[in-house]
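Biologist: Could you walk me through a few local features of this one? I'd like to start with a single residue and then move on to other parts.

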Amino acid sequence: MPSRTWEPPAPYDLARTLRVLRRGRGDPACRQEPDGTWWRCSRTPDGPVTLRISDGPDSVGGRLTGTAWGPGADLALDQLPTLLGADEWPDTFRPRHRVVAAAHRKHGRLRLSRTGLVMESLVPSVLEQRITTGSAHYAWRRLLNR
């Protein structure tokens with residue numbers, strides 16, 4: 001099972017970055033374990049992949065390790081830093097509006113995740129816009145379980 005590590009250059013919150021990818025508590029494609037480990041299942045152009053992402057034992061913001069299984073493992077590990085927000089440069093962001101500046105101060109450690117998988121983001125977003133959130137999460141779970 002191939003793996004890859006990435007060390008964030010600044011304080012980092014793994015849960016805050018990946019939480020936006022989870023569609024409700026029962027999402028079968030994205031789960032967080034009590035120890036802080038994240039599990040994600042995706043369908044990549046190379047095939048399906050299961051990805052395990054965990055913090056290092058040192059502290060929050062330490063080394064992050066991704067381990068992947070499946071035909072899409074190499075692609076998922078190549079994209080691991082992007083998934084974890086490595087392309088974000090929060091230090092260079094200069095908010096011009098007071099509300100945005102307040103949000104930036106409050107959530108300064110936030111990194112924006114990018115999967116590069118359009119359908120994986122599009123389908124649940126459409127569901128969430130067409131019906132209530134609870135029903136959308138239920139529909140998403142049923143769709144993935146089938």
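Modeller: This is a predicted model. Leaving aside neighbours within four places in sequence, threonine 82 is in contact with Asp87, Leu112, Ser113 and Arg114.

Biologist: Where is threonine 82 found, and is it buried or exposed?

Modeller: Threonine 82 is found in helix α3, which covers residues 80-83, and with a relative accessible area of 17% it is buried, because the cut-off for that class is under 20%.

Biologist: Changing topic, which residues of α6 are buried?

Modeller: In α6 the buried residues are Ala136, His137 and Trp140. Seen down the axis of α6, these buried residues fall within an arc of 100°, so they line one face of the helix.

Biologist: And what covers them, and what is on the other side?

Modeller: The cover over the buried residues of α6 includes α5 (118-130), whereas Gly134 and Asn145, on the other side of α6, are exposed.

Biologist: How many aromatic pairs are there?

Modeller: The count comes to 2 aromatic pairs. In one of them, the rings of tryptophan 6 and tyrosine 12 have centres 5.7 Å apart and planes at 80°, so that pair is edge-to-face, and both tryptophan 6 and tyrosine 12 are buried.

Biologist: What about tryptophan 39 and tryptophan 69?

Modeller: Their ring centres are 5.8 Å apart with the planes at 20°, so the pair is stacked. Tryptophan 39 lies in strand β3 and tryptophan 69 in strand β5, so the pair ties together parts that are 30 residues apart in sequence. Tryptophan 39 is partly exposed at 28% relative accessibility, and tryptophan 69 is partly exposed at 32%.

Notes: Residues are numbered from 1 along each chain as its sequence is written. This is a predicted model: local features need pLDDT of at least 70, side-chain atom pairs count only at pLDDT 80 or more; totals for chains, interfaces and linings use all residues. Side-chain values use heavy atoms; hydrogens and water are left out. Helices (H or I, at least four residues) and strands (E, at least two) are DSSP runs, numbered from the N terminus. Buried means under 20% relative accessible area, exposed over 50%, partly exposed in between (1.4 Å probe, protein chains only). Contact means heavy atoms within 4.5 Å. The arc is that of the directions from the helix axis to the C-beta atoms. Rings of Phe, Tyr and Trp (its six-membered ring) pair if their centres lie within 6.5 Å; planes under 30 degrees apart count as stacked, over 60 as edge-to-face and the rest as tilted.
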